[in-house]
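The stops below are given in the order in which they may be selected.

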Amino acid sequence: MDDLSPDVSSVSIGWHIDHSLKVILAITDSLKCSAPGPIPPQLNAKRSYMFLTGRIPRGKVQSPKEVRPPEDIHKEEILAQIRLAKEKLAEWDQIGSKHIFEHHVIGKLHTRKALRFLEIHTQHHLRIIEDIRASIMSEG
């Protein structure tokens, strides 16, 4: 989990895993606590790009403090977050379709779009993890 390849990412594989789990937990909690309602149409080029391509450009956005991992990442904490994320995702269908999550860059998303964002976000970090591992393997 401490594997690092500065050519690929300034943070470790453990950081990417922990961050991805924190995002899943934060978004599910945010949706559950939000009031359902309409979202006025609003043009957002970054959101449009992300949803059209299914990709997040690397190194363009910094994650909010709430979903940044601690300096010391422990396997036990990762495993606990995985268990909790599974529980929360299993309850996803109980969240109404018009509940709202507000992302700091791409704006407000209803439940279905928030789930799509989680897919894109998680894949983004999995690709980085794969690139870190490939870089480490090519060095060794």
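Predicted model: local features only at pLDDT ≥ 70, side-chain atom pairs only at ≥ 80, totals over all residues.

Is Glu 87 buried, partly exposed or exposed? Select Glu 87, in helix H3: this residue is partly exposed, with a relative accessible area of 49%. The classes are buried (under 20% relative accessible area), exposed (over 50%) and partly exposed (in between), computed with a 1.4 Å probe on protein chains only.

Residues are numbered from 1 along each chain as its sequence is written, and side-chain values use heavy atoms, with hydrogens and water left out.

Next, select helix H1, residues 13–33. Helices (DSSP runs of H or I, at least four residues) and strands (runs of E, at least two) are numbered from the N terminus. Colouring by accessibility will show H1 mostly covered, with 15 of its 21 residues buried.

Proceed to the largest pocket, which holds about 920 Å³ of space. To find it, select His 19, Val 61, Gln 62, Ser 63 and His 125, the closest to its centre of the 37 residues that line it. The elements that give two or more residues to this lining are H1, helix H2 (45–53), strand S1 (100–103) and helix H4 (111–139). H1 gives the most, with six residues. A pocket here is an open set of points on a 1 Å grid over the protein atoms alone, where a 1.4 Å probe fits and protein lies on both sides within 12 Å along at least five of seven lines; lining residues have an atom within 4 Å of a point. The volume is the space filled by probe spheres set on the points, which are joined across faces, edges and corners.

Now display Lys 113 and Phe 51. The charged end of Lys 113 sits over the ring of Phe 51, 4.8 Å from its centre; the criterion is NZ of Lys or CZ of Arg within 6 Å of the ring centre and within 35 degrees of the ring normal.

Three further residues complete the tour.

- Ile 100, in strand S1, is buried at 16% relative accessible area; Ile 39 is 61 residues away in sequence and 8.1 Å away, C-alpha to C-alpha.
- Glu 71, in the loop between H2 and helix H3 (75–90), is exposed at 83%; its C-alpha lies 8.6 Å from that of Trp 15.
- Ala 134, in helix H4, is partly exposed at 45% relative accessibility; Leu 118 is 16 residues away in sequence and 24 Å away, C-alpha to C-alpha.

Technical notes
Expected span 1.5 Å × (residues − 1).
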